[in-house]
Amino acid sequence: MSVVVAVKENGVVYMGADSQTSAGSYKEYFLNECGFKIFRLENGILASFCGNVGSKHTICSLENVFTLDENGNLTKRHIVNNIIPKLVAEMNKIGNEETGKIDVSILLAHKDSLYKICMDLSVLKQNTIAIHGSGMEYTYYALSSEGNVKDRILQALSSSAKRTESVSGPFVLIDTKKLEYEIVDMGGKNY
């Protein structure tokens, strides 16, 4: 499982995720761009996925689905009218998603826009923070507190890792302004 958190502040969306992938008792840590839980797309969108690993990898290969509108923006209208239909069509071609829902939740960020696509394909605009994945209930306090955004995100991820077996560092950070990954190893697993 995963935990991914996002904070929108001063016109930028900051995102952080753990690096552990688990299935049952199997655990692996991926510290390369192909294995990160937050994907940086060519058009500047950051996309993160929590849920079924097979669906996550399938969706990641569909970069052409995650587009911007005609003005170069990411809006709820564009997600509902363009991204969701393309996503469903592509997943139906593969045969994974026949029930009208997907088995991952998706966070999308671009510039100062932040949205969550839920497993039932509803789209929620996120005004200040967004969280999805395992152990997310342990992240709210740190994300909602005062202080440096990076410190709040690291505290949130660390809190989740301390209390949830399926979440562990090192942690991966990125934002919609710099679009550069940073790996933060705070020492040991399950901090």
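How many helices and strands does the protein have? This predicted model has four helices and twelve strands. The views below take you through a few of its parts.

**View 1. The whole protein, inside and out.** Of the 191 residues in the protein, 51% are buried. Its exposed surface comes to about 9,000 Å², with carbon and sulfur atoms supplying 48% of that area.

**View 2. The largest nonpolar core.** Here you meet a group of 23 residues, in which Phe66, Ile79, Ile106, Leu108 and Ile117 touch the most other members. At least two core residues come from each of β6 (46-51), α2 (76-94), β7 (104-110) and β8 (113-117). Helix α2 is the top contributor, giving five residues. Apart from this core lies another one of 17 residues, including Ile131, Leu143, Val167 and Val184. As general background, nonpolar side chains in soluble globular proteins tend to be buried together.

**View 3. Around Ile106.** Which residues is Ile106 in contact with, leaving aside its neighbours within four places in sequence? They are Ser48, Phe49, Ile59, Phe66, Leu87, Tyr115, Lys116, Ile117 and His132. Two of these partners, Phe66 and Ile117, are listed together with Ile106 among the core residues that touch the most other members.

**View 4. Strand β2 and its two partners.** Strand β2 (residues 12-17) is mostly covered, with five of its six residues buried. One partner is β1 (residues 3-9), which pairs with β2 in the antiparallel sense over six bridges. Along this pairing, Ala6 stands opposite Met15 of β2. Two residues lie between the strands in the β1 and β2 hairpin, where Asn10 takes a positive phi near 50°. The other partner shown is β11 (residues 171-175), joined to β2 by four bridges, again in the antiparallel sense. In this second pairing, look for Gly16, whose bridge partner in β11 is Leu173.

**View 5. The largest pocket.** How much space lies in the largest pocket? The answer is about 190 Å³. Its lining is made up of Tyr14, Met15, Val149, Lys150, Ile153, Leu173, Ile174, Asp175, Lys178, Glu180, Tyr181 and Glu182. Strands β2 and β11 and helix α4 (149-163) each supply at least two residues of this lining.

Note on methods
Residues are numbered from 1 along each chain as its sequence is written. This is a predicted model: local features need pLDDT of at least 70, side-chain atom pairs count only at pLDDT 80 or more; totals for chains, interfaces and linings use all residues. Side-chain values use heavy atoms; hydrogens and water are left out. A nonpolar core is a set of buried Ala, Val, Leu, Ile, Met, Phe, Trp, Tyr and Cys residues joined through side-chain atoms within 4.5 Å. Buried means under 20% relative accessible area, exposed over 50%, partly exposed in between (1.4 Å probe, protein chains only). Contact means heavy atoms within 4.5 Å. Accessible areas come from the Shrake-Rupley method with a 1.4 Å probe; for residues, only the protein chains shown count as cover. Two strands pair if DSSP finds at least two bridges between them. On a 1 Å grid over the protein atoms alone, a cavity is a set of points where a 1.4 Å probe fits but cannot get out, and a pocket is an open set with protein on both sides within 12 Å along at least five of seven lines; lining residues have an atom within 4 Å of a point. Grid points are joined across faces, edges and corners, and a volume is the space filled by probe spheres set on the points.
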